[in-house]
Amino acid sequence: MAQQHDSVALVGDETVEHFATAVLLAALTAALAQVSIPLPGSLPPFSLQPFGAFFAGLLLGPLWGGLALALYILVGIAGAPVFSNWNAGLGYVLVGQGTGGFLVGFLLGAVVAGGIAHRRTTPRSLETIGLATQLLALVAAVVVIYAVGVPWMAWALGLSVQRAAATMAPYAPFDLLKVAVAIAIVRGGYLVRE
């Protein structure tokens with residue numbers, strides 16, 4: 001007697017797709033972090049890490065984009081050398097070079113960018129999101145990254161907030177340039193083909 005077995009999908013295809021994309025964006029963020037230029041003194045390195053937060057927010061929305069950056073940070077805290085210049089560990093996040101706040105800011109920035117761009121927890125097609133909204137989402141992400149990163153840097157390095165802000169001010173135009181490049185890459189379909 002032939003037996004029939006029905007298969008039951010425990011997780012939907014869309015969930016699997018979003019999770020896989022989040023893992024890929026976490027890996028991409030780790031790779032971009034290594035494109036980093038060490039700067040003298042206590043200055044944080046100039047790196048391409050912010051692209052990870054920008055791509056995660058735009059492509060995956062707040063929930064899955066936040067998960068992508070959370071995975072990246074957790075893997076680094078666990079000891080994998082995924083932070084800029086091959087750094088890793090909880091100590092690096094807390095006080096190393098004063099950049100831990102920027103790492104947390106990347107996570108929050110991805111959530112904020114995703115929330116502004118997609119206006120719901122799950123991502124929607126980028127074709128339905130206008131250029132102005134994408135630009136607003138990523139500029140808001142930059143604001144969040146600096147709002148968390150600068151005070152954290154001041155605390156970690158024993159600086160005043162004003163001194164830390166002045167230290168980071170030269171980085172801001174480059175981060176806004178990264179916003180424009182990230183939007184061009186995403187809108188050009190170079191990361192994801194729909």
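**Helix pair.** I started with α2 (residues 50-77) and α4 (residues 100-118): their axes come within 7 Å and cross at roughly 145 degrees. Axes here are lines fitted to C-alpha atoms over the stretch in contact, with angles running from 0 to 180 degrees between N-to-C directions. The contact of α2 with α4 holds 19 nonpolar residues, seven polar and no charged. For those classes, Ala, Val, Leu, Ile, Met, Phe, Trp, Tyr, Cys and Pro count as nonpolar, Asp, Glu, Lys and Arg as charged, and the others, Gly among them, as polar.

**Caveats.** I'm working on a predicted model, where local features need pLDDT of at least 70, side-chain atom pairs count only at pLDDT 80 or more, and totals for chains, interfaces and linings use all residues. Residues are numbered from 1 along each chain as its sequence is written, and side-chain values use heavy atoms, with hydrogens and water left out.

**Whole chain.** I counted seven helices and two strands (DSSP runs, numbered from the N terminus: helices are H or I with at least four residues, strands E with at least two). Along the sequence the order is α-β-β-α-α-α-α-α-α. I also looked up the span of the C-alpha trace along its principal axes, and it is about 75 × 40 × 25 Å. Buried residues (under 20% relative accessible area, 1.4 Å probe, protein chains only) make up 43% of the 194 residues.

Conventions. Buried < 20%, exposed > 50% of the residue type's maximum accessible area, 1.4 Å probe, protein only.
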